[in-house]
Every structure is written in structure tokens, then in C-alpha cells.
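Please look over the chain below before reading the points. They go from the overall order of elements to one part of the sheet pairing, then to totals.

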Amino acid sequence: GLYGIVDLASFVTGSAPAPRSDQARNESRLVALNTALGINCALLIDRLSGLRNADAFVSSEPPPEGAEPYFGGRYTDAAGSQWQEVNLQALSELPLFLSISA
């Protein structure tokens, strides 16, 4: 199928995509949204660290007030790394996200 590609970092920051080095391109991944969302789209992400179960985190907090509607909670793992939950359904319903000219 044909998929639109969205650079997630650029979308979140609202800035133009930055040039990527060869190494950065090699580490980048495309993650396709589930077809149940009704959108043929894949997200270009800089690096994939894997999926985590809720048991892998030592604390969590809700998204800050005024955060984008697609931001879920923020989690902290045992090493102190923070992970931002992204609600893909909420993201896929945003008019700006759906606009190919964005």
C-alpha cells in the first residue's frame, strides 16, 4: 500500500526536518499505524528503543496541563530515563496531522 510518512520529531516541535547524517538515517525507523485507525501512515522516528510494559517503570505522571492531546503519561524507568506515551489514535485524528501539506 501507499503510506504517508510523518517525521514525528518535526511534527511535535513544529519545525522543518533537520538533515540527518548517514548514521542517523541508519538508526531511523518507520513505524506504521495500525490499519484499525483508518489512516495509511507511518511515523519516521529517530531511534527505536523498544516497547515497555507498565511493570518496567518506577513512577509515572499525567501529561502536563496544556500538553498536546496526543501526549499520554510520562514514565520513568529504574535507570531514570523518561518515556513519553503517545496516543496514536488521538494523533491520527488531529486535522494538522492529517494535512499532507503540514
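**Notes on the predicted chain**

1. From the N terminus on, the elements run β-α-α-β-β-β-β-β-α-α. That makes four helices and six strands; helices (H or I, at least four residues) and strands (E, at least two) are DSSP runs, numbered from the N terminus.

2. This is a predicted model, in which local features need pLDDT of at least 70, side-chain atom pairs count only at pLDDT 80 or more, and totals for chains, interfaces and linings use all residues. Residues are numbered from 1 along each chain as its sequence is written, and side-chain values use heavy atoms, with hydrogens and water left out.

3. Strand β4 (residues 57-61) runs antiparallel to strand β5 (residues 71-77), and four bridges join them. Two strands pair if DSSP finds at least two bridges between them. Ser60 has Tyr75 in β5 as its bridge partner.

4. β5 also pairs with strand β6 (residues 82-86), in the antiparallel sense and over four bridges.

5. Of the 102 residues of the chain, 24% count as buried (under 20% relative accessible area, with a 1.4 Å probe and protein chains only). The C-alpha trace spans about 40 × 30 × 25 Å along its principal axes.

6. Among contacts (heavy atoms within 4.5 Å) with a separation of 6 or more, 41% are between residues 24 or more positions apart.

Note on methods:
Buried < 20%, exposed > 50% of the residue type's maximum accessible area, 1.4 Å probe, protein only.
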